[in-house]
Amino acid sequence: MLAFRPLARPFRIVSDFDGVWTEPARERERVLETLEIELASLSGEGAETVAADCREFTGAVMERPWDFGWLIGGRLSSYLDEDAFALPSALGQFLEGDAHPKADVYRSAILDEHATVGEFLDHCYHSTGIRFRAEVPHDLAAGAEQVLAWLQDAKVEVVFVTNAPTVKVVDWFAHHGFEVVDAAESQPGAAPLRVHGRAGKQWLGDSGATVDFGGRDLQADRPQYRSILEAESPDFVVGDVPSLDLALPISMRMKGEAGAPKSVGLMHLAHTPDWALANLGSGPGGIDHLLPHVTSLPRVVASEM
């Protein structure tokens with residue numbers, strides 16, 4: 001059993017949800033299936049043709065992951081090679097901007113029914129998420145419930161800050177008997193497990209501030225996320241997408257700003273890019289801990305308490 005020490009205020013973690021506590025591959029594949037089904041319906045192309053075209057488009061964007069990802073107001077809020085859920089968005093970018101003849105076919109078909117390609121992609125994401133949660137009791141990573149139990153025994157507060165809906169986090173942990181409180185209806189410290197759902201970590205401010213992460217410029221001006229960090233003042237922040245989860249906390253720590261964590265951790269998953277790993281242990285602007293799985297969290301937390 002790992003040891004921990006009491007603190008005047010409980011040790012507080014701000015954690016992403018999908019990719020830290022979950023196995024997101026299955027849900028992402030469902031989004032891609034929805035995308036293909038919708039493209040076939042809108043364009044009149046056969047399912048096999050659409051699947052082959054999407055494979056070709058996927059190959060094209062994967063060759064240039066620094067040019068594709070989650071595009072917000074003309075800037076990449078996250079890059080394709082760091083974000084497990086970014087591929088559908090990257091394919092949408094490809095359809096909007098590429099000279100490929102089939103891209104024009106699908107783009108025109110989308111815009112006959114939707115105001116923008118982005119609106120179409122939002123429809124694919126959200127409709128899939130609703131169906132997935134109705135069909136799947138939970139998709140938590142193996143051992144997630146034991147980790148959460150250990151953290152509760154250690155009197156650690158866990159604040160989930162996620163772009164997923166609040167109900168997803170609440171319901172999936174309720175499956176194992178945990179009560180996660182909606183942070184919109186509570187105050188910091190009011191409950192050991194709280195969630196800021198639909199947290200808007202993707203939304204960018206006007207400053208264009210960035211941090212260098214292994215040679216990749218990550219957007220660090222994220223006003224909605226900043227307001228949560230300032231309110232929660234976490235000791236430790238953990239996530240799987242450097243841009244969405246860690247760029248702002250690291251920037252705040254480098255500047256000594258209120259709400260900055262003492263330490264940050266990155267999930268080291270199968271898709272984690274080499275450029276992200278290059279920032280390991282490089283002072284206030286780097287990653288303090290790599291976690292290959294959520295079951296590594298007790299070890300890391302014990303070392304920081």
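Reader: What does Asp240 touch, leaving out residues up to four places away in sequence?
Author: Asp240 touches Asp16, Asp18, Gly19, Val20, Glu82, Asp245, Leu266, Met267, Leu269 and His271. Contact here means heavy atoms within 4.5 Å. This is a predicted model, where local features need pLDDT of at least 70 and side-chain atom pairs count only at pLDDT 80 or more, while totals for chains, interfaces and linings use all residues. Residues are numbered from 1 along each chain as its sequence is written, and side-chain values use heavy atoms, with hydrogens and water left out.

Reader: Where is Asp240?
Author: Asp240 lies in the loop between strand E9 (236–239) and helix H9 (242–255). Helices (H or I, at least four residues) and strands (E, at least two) are DSSP runs, numbered from the N terminus.

Reader: Is Asp240 buried or exposed?
Author: Buried, meaning under 20% relative accessible area with a 1.4 Å probe, protein chains only. Asp240 has no salt bridge, which would be a side-chain nitrogen of Lys or Arg within 4 Å of a carboxyl oxygen of Asp or Glu.

Reader: How far away is the nearest side chain of opposite charge?
Author: That is Lys201, 6.8 Å away. For charge, Lys and Arg count as positive and Asp and Glu as negative; His and the chain ends are not counted.

Reader: OK, back to E9. Which way do its residues point?
Author: Phe236 and Val238 point one way, Val237 and Gly239 the other, and all are buried.

Reader: Which strands run parallel to E9?
Author: Strand E1 (residues 12–15) is joined to E9 by 3 bridges, and the two run parallel. Strand E10 (residues 263–267) also runs parallel to E9, with 4 bridges. Two strands pair if DSSP finds at least two bridges between them.

Reader: Which residue is the partner of Ser15 in E9?
Author: Val238. On the E10 side, Phe236 stands opposite Ser263.

Reader: New topic. Which residues of helix H8 are buried?
Author: In H8 (residues 223–232), Tyr225, Ile228, Leu229 and Glu232 are buried. They cover an arc of only 100° around the axis, so they sit on the same side of H8. The arc is that of the directions from the helix axis to the C-beta atoms.

Reader: What covers them?
Author: The cover of the buried residues of H8 includes E1, E4, E6, E9 and H9.

Reader: And what comes just after H8?
Author: Ser233, with a positive phi of about 45°.

Key:
Buried means under 20% relative accessible area, exposed over 50%, partly exposed in between (1.4 Å probe, protein chains only).
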